[in-house]
Amino acid sequence: MTFGCDDRPSNHIGAMPRIVSLAAALACIMSAAPAVAQGAACIGARQPGSVRLNVVATGLRNTQGEVAFTIYPDDRSRFLAKKGKVLRARVPSRTPDTSACFWVAPGHYAVATYHDENGDHHFNRTLFAIKEGFGFSNDAPTTLGLPSFDKVRFPVAANTEIRIRTRYSR
C-alpha cells in the first residue's frame, strides 16, 4: 500500500487510520539528501543574522544506517508536505545520540526525524507497524496519529539546541 506525501491525516477515531497516516507522513520526510558527518559544517547558508540550530536525535538503539533531520518553516501547510521542507540532513547513526546542525534565520520552525536503520532512504513500515524510529520537535505525542503543527512548533532566536526522543514501535 502506498500513500502520497500530500495525503493528510484523516479524522477517523480508530487508531489504525491514524497509524497509517503517521507512517505515510513520516515517509515524506525521508527523500534523498546529502549525508552530513556528525560534527561537520552546518547545513544551509550562513548569512548575516542567521543563527545555528543544533538538532539531537536521542535514544537511538543502534549505529546502523543514518538519521534524517528535516526542518520545516513556520507554515502549517508545509509541515510534512512534499517539498515543504526548508533544510534536510542525513547523518550516520551514532548511539545513543546523533546530531546535525543548520544555519537558519531567527523565527519558528518544526523538525521531524527518523532513524533509517537500513540506509535505504525509505521510511520502512507496513500497514500495521512502523519499523524505524522517528521523532518530532518538542517530543510531540504521536499516540493517536500525527502531532499538530502547534505541538511541534518552537522558537529559534539565537543559537539553539533541541533534543528529540527517537521512538520505536518494536
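Modeller: A residue is buried under 20% relative accessible area, exposed over 50% and partly exposed in between, with a 1.4 Å probe and protein chains only. By that cut-off Glu-132 counts as buried, because its relative accessibility is 2%. The model is predicted, so local features need pLDDT of at least 70 and side-chain atom pairs count only at pLDDT 80 or more, whereas totals for chains, interfaces and linings use all residues. Residues are numbered from 1 along each chain as its sequence is written, and side-chain values use heavy atoms, with hydrogens and water left out.

Glu-132 sits in the loop that runs between strand S5 (107–116) and strand S6 (134–136); strands are DSSP runs of E, at least two residues long, numbered from the N terminus. Its side chain comes to 2.9 Å from the backbone nitrogen of Glu-117. Leaving aside residues up to four places away in sequence, Glu-132 is in contact (heavy atoms within 4.5 Å) with Tyr-114, His-115, Asp-116, Glu-117, Asn-118, His-122, Phe-123 and Asn-124, and also with Arg-167 and Tyr-168.

Turning to the rings, a search of the whole structure gives four aromatic pairs, where rings of Phe, Tyr and Trp (its six-membered ring) pair if their centres lie within 6.5 Å, and planes under 30 degrees apart are stacked, over 60 edge-to-face and the rest tilted. One of them joins Tyr-72 to Phe-79, and this pair is edge-to-face because the planes stand at 80°, with the ring centres 5.5 Å apart. Both partners are buried, Tyr-72 at 1% relative accessibility and Phe-79 at 6%.

Phe-79 also pairs with Phe-136, again edge-to-face, at 6.1 Å from centre to centre and with 65° between the planes. Since Phe-79 belongs to the loop between strand S2 (66–72) and strand S3 (87–92) while Phe-136 belongs to strand S6, this pair ties together parts that are 57 residues apart in sequence. Phe-136 is buried as well, at 0% relative accessibility. Ring pairs link Tyr-72, Phe-79 and Phe-136 with Phe-134 and Phe-149 into a cluster.

Notes
Helix = DSSP H or I, 4+ residues; strand = E, 2+ residues; numbered from the N terminus. Polar contact = N/O pair within 3.5 Å; in protein donor to acceptor, adjacent residues only side chain to side chain.
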